[in-house]
Amino acid sequence: METKDLTQDGTVDLRGHPVLASNTGKWKACAFLVGYEAFERMAFYGIASNLVNYLTTQLHEDTVSSVRNVNNWSGCVWLTPIFGAYIADSFLGRFWTFTFSSLIYVMGMVFLTMAVSVKSLKPRCNNGICSKATASQVAFFYISLYTIAVGSGGTKPNISTFGADQFDDFNPVEKQMKVSFFNWWMFSSFLGALFATLGLVYIQDNLGWGLGYGIPTVGLLFSLLIFYFGTPLYRHKVTKSRTLARDFIQVPITAFRNRNLQLPPTSAELYELELHTYSRNAAATAGGRRQVEHTPIFRFLDRAAIKDDTNSSSQKCTVTQVEGTKQVLGMIIIWLATLVPSTIWAQINTLFVKQGTTLNRTLSHGFQIPAASLGSFVTLSMLISVPIYDHYFVPFMRRKTGNTRGITLLQRLGIGFVIQIIAIAIAYAVEVRRMHVIQTNHIVHPKQVVPMSILWLLPQYILLGIADVFNAIGLLEFFYDQSPEHMQSLGTTFFTSGIGVGNFLNSFLVTVVDKITGENGGKSWIGNNLNESHLDYYYGFLLVISTVNLGVFVWVSSRYIYKKEATEVKDGIETKGLDTSPLGLQV
């Protein structure tokens with residue numbers, strides 16, 4: 001086996017042996033991964049899309065409590081990946097962390113199916129009316145849900161990054177393939193979500209919750225078998241040294257100790273290892289890292305890399321270590337600007353669904369569409385938009401800008417946030433009309449159907465789907481691309497944790513708004529009877545904070561500097577970094 005035939009990024013097989021580039025990785029390996037992603041998303045959205053209805057109709061929770069509990073569970077699902085990613089990057093690697101976590105995930109799905117199927121574990125129902133669940137039944141149901149959240153913590157951050165690992169950054173052809181990877185990865189995710197919101201939700205509402213949860217459980221088991229069939233084709237990045245947190249602590253502490261030292265006039269005078277020390281082979285030297293070029297942001301941290309010739313015992317960090325800390329700080333700032341958009345996304349599986357239950361859901365010949373099934377239009381718009389974006393928008397913008405991605409990652413996010421604001425503005429306008437119809441027809445009872453078609457809600461769902469092609473996929477790619485090379489699993493948890501915190505933020509806002517507006521006998525904006533509430537006021541509030549947040553995002557992005565990595569190549573030095581514009585929103 002000649003060295004030239006091996007992958008250049010140092011990836012290995014499951015036993016730790018170098019792998020041939022021609023026989024492993026690329027799309028032929030990813031084909032096994034995307035199958036799992038589709039079935040896993042089917043399982044997740046099969047639960048999340050209709051959970052608020054189960055809590056209100058089967059467990060008799062009120063509107064605010066059910067919305068809060070859905071948000072809290074969703075928040076945990078998206079936050080637990082922080083721990084799974086840390087374990088993968090520092091100890092077990094992505095493959096084994098995924099393997100152990102997927103078993104927990106499946107166990108949670110089996111428990112949940114039992115919770116809605118076994119007579120002793122679910123509330124008794126007669127003629128569609130269920131008695132109040134016992135404390136043990138509620139406890140088992142939520143234990144099942146949060147077991148799924150724990151399992152998701154190890155699978156979610158590692159399966160997508162494991163897929164990205166199948167492409168060699170040092171191979172120009174594979175590097176080009178990787179540009180489209182996250183678009184098509186999310187495409188498979190959308191397929192799973194589409195089946196869940198169209199098929200599983202209908203099954204749950206009309207054929208039974210046991211069957212509605214049992215199907216994705218079986219599907220998840222089947223997808224895991226497919227995943228392990230592809231094991232001989234997979235490439236694995238070597239588990240890095242366990243210094244992940246140490247750098248983040250060492251760099252600011254060293255910078256503080258050197259606060260009285262004078263920064264040199266040029267960055268070339270800061271301490272850094274020779275470029276050849278950073279081997280292409282991730283298993284070889286320098287802890288598997290690539291040299292990162294100096295950037296002029298967070299200059300106070302540069303003091304950690306000052307060479308103090310007067311004190312040979314003084315600690316100093318390399319420029320690459322310092323830049324890794326800078327990268328994380330920059331990502332945290334961008335992450336903070338994504339929390340409000342994640343709060344808007346949280347409406348899809350909560351208030352949008354409750355809003356839909358009040359409207360006329362009859363389409364034709366007496367067929368009633370489940371309110372939660374409108375979420376399928378989010379997915380459909382994504383499925384249509386991804387190929388258009390990848391095959392038409394990107395090549396067109398690439399010719400205009402010269403950027404490999406067509407537009408920068410932060411420009412992509414900004415466009416998505418603008419579309420999202422338009423969507424919530426339309427949601428506000430539709431809710432104003434719904435309230436007008438309610439007043440015109442003197443509707444007061446919570447069970448009365450508002451004579452207004454549920455299809456009025458379609459525009460807000462469709463626009464949120466289009467927005468997600470820009471901001472959801474863009475966020476996943478941004479945090480993977482901009483993470484330090486040795487923490488890319490943990491880096492992608494910026495994406496998942498943002499969604500998680502957004503759900504918690506929505507839970508907090510719903511609770512606070514309900515409490516404040518319902519004080520002193522007032523009518524809550526989000527009461528149990530949505531026909532007497534004021535969701536339009538709450539949507540208006542979300543519209544205002546989203547607009548303000550967009551301004552903050554534009555300001556922060558204009559100051560963001562993309563990561564650049566330097567590596568040795570045959571003819572000299574290659575700088576790796578697709579988005580090289582110093583201003584995040586400039587072409």
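**Figure 1. His442, an exposed residue in a loop.** At 67% relative accessibility, His442 counts as exposed. Here, exposed means over 50% relative accessible area, buried means under 20%, and partly exposed is in between, with a 1.4 Å probe and protein chains only. His442 sits in the loop between α14 and β5 (450–453). Helices (H or I, at least four residues) and strands (E, at least two) are DSSP runs, numbered from the N terminus. Although His442 is not a glycine, its phi is positive, at about 55 degrees. A word on the model before we go on: it is predicted, local features need pLDDT of at least 70, side-chain atom pairs count only at pLDDT 80 or more, and totals for chains, interfaces and linings use all residues. Residues are numbered from 1 along each chain as its sequence is written, and side-chain values use heavy atoms, with hydrogens and water left out.

**Figure 2. Phe298, another loop residue with positive phi.** Phe298 is not a glycine either, yet its phi is about 45 degrees. The loop that holds Phe298 runs between β3 (291–292) and α10 (319–336). Phe298 is partly exposed, with a relative accessible area of 24%.

**Figure 3. The largest pocket and its lining.** This pocket has a volume of about 1200 Å³. Its lining has 37 residues, and the closest to the pocket centre are Asn53, Thr57, Thr357, Arg361 and Lys447. On a 1 Å grid over the protein atoms alone, a pocket is an open set of points with protein on both sides within 12 Å along at least five of seven lines, a cavity is a set where a 1.4 Å probe fits but cannot get out, and lining residues have an atom within 4 Å of a point. Grid points are joined across faces, edges and corners, and a volume is the space filled by probe spheres set on the points. At least two lining residues come from each of α2 (51–57), β2 (129–130), α7 (172–206), α12 (351–357) and β4 (359–360). Helix α7 gives the most, with four residues. By class, the pocket lining has 13 nonpolar, 18 polar and six charged residues. Ala, Val, Leu, Ile, Met, Phe, Trp, Tyr, Cys and Pro count as nonpolar, Asp, Glu, Lys and Arg as charged, and the others, Gly among them, as polar.

Figure 4. Of the 28 residues that line the largest cavity, Tyr45, Trp345, Met382, Asp468 and Ala472 lie nearest its centre. Two or more lining residues come from each of α1 (26–48), α7, α11 (339–345), α13 (375–401), α14 (409–440), α15 (458–482) and α16 (488–517). Helix α7 supplies the largest share of this lining, five residues. The classes are 15 nonpolar, 10 polar and three charged residues.

**Figure 5. Ser188, buried in helix α7.** Ser188 belongs to α7 and is buried, with a relative accessible area of 7%. Beyond its neighbours within four places in sequence, Ser188 is in contact (heavy atoms within 4.5 Å) with Val34, Glu37 and Ala38. Ser188 and Tyr36 are 152 residues apart along the chain, while their C-alpha atoms are separated by 9.1 Å.

**Figure 6. Tyr539 and the largest nonpolar core.** The core has 131 residues, and those with the most contacts inside it are Trp73, Phe141, Phe478, Tyr538 and Tyr539. Helix α15 gives the largest share of this core, 14 residues. A nonpolar core is a set of buried Ala, Val, Leu, Ile, Met, Phe, Trp, Tyr and Cys residues joined through side-chain atoms within 4.5 Å. Neighbours within four places in sequence aside, Tyr539 is in contact with Leu351, Phe352, Gln355, Ile424, Ala427, Tyr428 and Glu431. Another core lies apart from the largest one; it has 11 residues, including Val251, Leu263, Leu301 and Ala305.

Figure 7. Asp481 is found in α15 and counts as buried at 14% relative accessibility. Leaving out neighbours within four places in sequence, Asp481 is in contact with Arg405, Leu409 and Lys563. Thr493, in α16, is buried with a relative accessible area of 3%. Not counting residues up to four places away in sequence, Thr493 touches Pro81, Ile82, Ala85, Pro157 and Gly498.
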